[in-house]
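Let's take a walk through this structure together, one part at a time. Have the sequence and the 3D view ready, and follow along as we go.

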Amino acid sequence: MSCITEAKKNPMEAEEKVMKSTLYAAGLAAAAFAASAAHSAEIEFWYGNTGAVEEAIQAQCAAFNAAQSEHVVSCVGQGGYEPAMQKAIAAYRSSQHPVLIQFFDAGTLDLMLSGAVRSVQDLMSDVDWDDYVVGARSFYETSTGELFSQPYNGSTLIFYANMDMLGDVGVSEIPQTYEDVVTVARKLKDNGHECPVLQRVHPWFSLEQFSARHGEAIASNNNGYGGLDAEFTFNTGLVATHLQNIQSWRDEGLFRLPTDVAGGKNAFVTGECAMVENSTAHYAAAFPAHGDAIAIGLPPIYDGYQRHNTLIGGGSIWAMQGHDDADYDAARAFLNFVRQNDQQIEFAGRTGYMPVTNSALAALLASDKSDQLEYATAAVGVGSLNQPGDENSRGIRLGFYVQFRDVYTEEVTKALNGEQDMQVALDNAAKRGDELLRRFEKTYQGVSLP
Amino acid sequence: MIERTRTVNVVATGIMIAGILFILAPIVIAFLTATLSYEEFVSGGGIRLRVSDHFWENFAHVLFETRLPAQLWNSVVISLLVAFIKCAFAFTATFALVFYKSRLNTVIFAITIVTVMLPLELIVITTYQVVANVLMPINWLLGWTGLDALIERLTGSRPYLEYSLLDSYIGVAAPIATSSTSVFIYRQFFMSLPKDLPRAATMDGAGPIRFMIDILLPLSWTPLVATFMFWFIGGWTAYLWPLIAASTPDAQPAVVGLARLANTDPDRIPDVPMLMAGALFVSFIPVLLIGLMQRQIVRGLNLSEK
Amino acid sequence: MRQGFYSGGWTYTLLVAPILILIVIFFYIPVGLAFFWSFFLERPFGGGSDFVGFQNYARVLSDPEFWSAMRRTLVFMVLAPGLAIGISLILALAADRGLRLSSAARNIIIWPKAVAGASIGVVFVFIFDPFLGVFAPLNEAFPGVWNPRTDGNDAFATILVAQIWNGIPFNFIILLSGLQAIPDTLTKAAAMDGAGPWRRIRDIQLPLLTPQLFLTFVLEFVGTIVEAFGLIDTMTQGGPGGATTLLIYKIYVDGFKAYDLSGAATQTALLILFVGIMVLLQFRLEKHVKYER
């Protein structure tokens, strides 16, 4: 495939080289180029992150290329998860795709069914994949337990409280259950606090992570792990009760939505709100604002429910089909490299993401870094991902899920704005979601879910 | 009579003042906000009608800590390409349509004019696929004609051509440049010229290409300059297509870069003063252009006479 | 069309070839591909593409979301050009009186034409912020009166105002040019006859301005589709609750965020048909426009 990488670098010369065949790409190229290339290769890794995370990825690539001389990985930023996926789709259709690509959690099913990727467990059978933390592993594995992509930049949901504010009303412990959260919120409100709890509407907060840690399904077939004929069920479960609670708590002045407060979704950072459920990555913004006043804990659950793992957010690395052995050797070397404990710890420190293997977490906790600010969320976050899982807390395996997230947000927002009843909103979201699932099923007719 | 005219004039002046204020207000607010520091903005709780002294700080941030300056250069190149393609291609084609006898004239004119009615924004989904591999049509052609099978038999491999223009200047510019409004404008202009022009040129021994370059081009300077600037601004302000065709920050034009900048860091209150400085930064070149050249543009686009 | 002078095969071909190649590759093939895909269920990564006839159309046309996006698109396409042209007309009539402020108005009011929709969005989203923007004091006095983040109508209004701000300049310039081209003698004569300013506007200026009004309407109609995307993407992302999801934005989200290529292509095809029909209707209207002076 070296002709392709060259083509990308120098489009002017590429015109002469574009005459190539798909067959040639699959097999003959291997023979033609492998001879000169031995087992070394130059491959591309596409990623979507920008900003500080992008810098960390580039640093990791540079470290990999410096650490060994056999392979070269060039890491290409695509400016966002969605553009990266879109580019990969277009590139795959004209067989110019990279060997490795990072993609975000919600696109897992699209990639699994695409036929364009091969599982990392198949690519590297000798790795101890069980070292990956429960919530990270289960999200990216098939129903039969084969890990499809290597978890890379992992985050999850935790609970934040501003203990200065909670201390004003005599509370010294971060609440663990919704019942406790509401009790504390009432105290804050009676004390004149305008925004005791900030609640995000996006389904990652109010649906996916909520259902997972309560061990509730959002769709049949174990959230789609059992097959493409799944149907949404969240509208009749605990989620419905929870959203109705949120609505009445909001009416009571205990909960606020980002749209109700000046700071929007950052109202915890700005000091308007006392408590919030948010991603582990939020800590990087919250700590500088409030320092030691911040306490973090596992996200609240309802009394009487067994706590399950939360789901992993962020992205994972996928290996794409249609490359030759030398390329996959390079891919293996790179995936092994980024899995190393010190690489994971370094990456987590630079980005605010968490280590994703148990051994990396253990190494971190044993080191003198564990009490540094950059790693404050690692123990709680991984602790949440490592709670006992069940078949409903593995992950989400539902078609056109990105579209469904928009549908859910739209309907629930309407209900919260008083335009429709909450139950009607959830029923509508489930109904529209089911239509998406049926169309997805039809698009992938004859393809079985791995 | 005099009295009534005065009343009318007072009303007219009032209307104009209101209009100017409406146009200027957002610009003034953007400028005032750009003079605040981030801390002043966050603690002050929003719009304040006073000038603070942090404008250069914010401006320096835009200049040295964002990619906007490099993206401004991308905008310049892309806009120049758009303007050049739109003017040059339309000029030669319109010359042919007006000064050549051909049965194809009407058909070609109709084909080009349809592009004016359907803007690129409507067809981005499939344009993306085409730009991702511009040689795709040739593959189809090979497939339909059966040539690919023939080549496969001869060489042992089936030909598949590929060439992606994503993230390149020409890939961003070319689809924007398809809208052929220029043909319409130049055609009107050419038809207003004396009919005997080409005949006179022929008597002087000039062929059609000579006539186009030596006579028609200088005559058309006014509409050419006007349309060039107008399409330059059009290329500069394009958003949806560059947003998807150029995904890497290095290839994006400034307008896309600014919109991306607005949500780079979701975990804190956006740095609105810096964003306002950025908005002024990405807009000053085309605004200056239209402010200085508006008379030429209006005259050249032939809007005043009809 | 008047008769050309030159004849000749290959120079003619060379002259028209560049533009034809350009628009075939980057315009006609994409349009054709949209119609083609609208009859298939297309998998994003390829490898499976089933012909489904009109099923995609049946599905899109029975989807209430499509229709509400279409309805919002229609409302927007009536309101935005209507208001932008109406306001521009009033401004142009005022500026046409040749007052001291006229040339200032002429020079300033054209500026927004050079500002990209997305840049306008970045500024306007802050100006209309319920807590930080110009209406923040209003919200303090009457909490919840103005909140485009939760109220769909407020959000729609912010997009509309931004679109009008962007749309006024060009219309203003076209209409003002048109007004200034009307011979002074006509209006003076009418004034002598005792016709007041309002009468002169109605009986002389407006009828003679019909070609320009028609031109602004055609341009603004297409422009609205184009500019609105940048505004929506930077100001509301289609929300809250889908209240600002115009069809152009829905197509983008379906195609580029949800990998629903067939659905996006089908809606593209429908939108092309819709715009095509509207433009044809406009040109039928043009037959009633008086061009003679």
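Start with chain A, where the centres of domain 1 of chain A and domain 2 of chain A, taken over C-alpha atoms, are separated by 28 Å. Keep in mind as you look that this is a predicted model. The domain assignment builds each part of chain A from two stretches of sequence: domain 1 takes 38–155 + 313–385, and domain 2 takes 157–310 + 399–443.

How do these two domains meet? The contact draws on 25 residues from domain 1 of chain A and 22 residues from domain 2 of chain A. Together the two domains of chain A bury about 1800 Å² between them, with carbon and sulfur atoms accounting for 66% of it. The count of salt bridges between domain 1 of chain A and domain 2 of chain A is 0, while 3 residue pairs are in polar contact there (both at pLDDT 80 or more).

Now look at the face that domain 1 of chain A turns to domain 2 of chain A. Helices α6 (108–114), α8 (134–139) and α18 (376–385) of chain A each supply at least two residues of this side. The largest share, 7 residues, comes from α18(A). By class, this side of domain 1 of chain A divides into 11 nonpolar, 10 polar and 4 charged residues.

Next, move on to chain B and chain C. The size of an interface is often given as the accessible area lost when the parts come together. For chain B and chain C, that buried area is about 9400 Å², and carbon and sulfur atoms give 79% of it. The contact involves 112 residues from chain B and 95 residues from chain C. Between chain B and chain C the rule finds 0 salt bridges, and 14 residue pairs are in polar contact (both at pLDDT 80 or more).

Which helix gives the most to the side of chain B that touches chain C? That is helix α1 (residues 2–34) of chain B, with 19 residues. The whole of this side of chain B has 80 nonpolar, 24 polar and 8 charged residues.

Finally, let's consider chain C by itself. Chain C holds 12 helices and 2 strands, and along the sequence they run α-β-β-α-α-α-α-α-α-α-α-α-α-α. Its C-alpha atoms fill a box of roughly 75 × 75 × 30 Å along the principal axes. Of the 293 residues in chain C, 62% are buried. Among contacts in chain C between residues at least 6 apart in sequence, 69% link residues at least 24 apart.

Terms used
Residues numbered from 1 in each chain as written. Chains lettered and ligands numbered in written order. Predicted model: local features only at pLDDT ≥ 70, side-chain atom pairs only at ≥ 80, totals over all residues. Heavy atoms only, no water. Contact = heavy atoms within 4.5 Å. Buried area = accessible area lost by both parts, 1.4 Å probe. Salt bridge = Lys/Arg side-chain N within 4 Å of Asp/Glu carboxyl O. Polar contact = N/O pair within 3.5 Å; in protein donor to acceptor, adjacent residues only side chain to side chain. Helix = DSSP H or I, 4+ residues; strand = E, 2+ residues; numbered from the N terminus. Nonpolar A, V, L, I, M, F, W, Y, C, P; charged D, E, K, R; others polar. Domains from an automatic or database assignment. Buried < 20%, exposed > 50% of the residue type's maximum accessible area, 1.4 Å probe, protein only.
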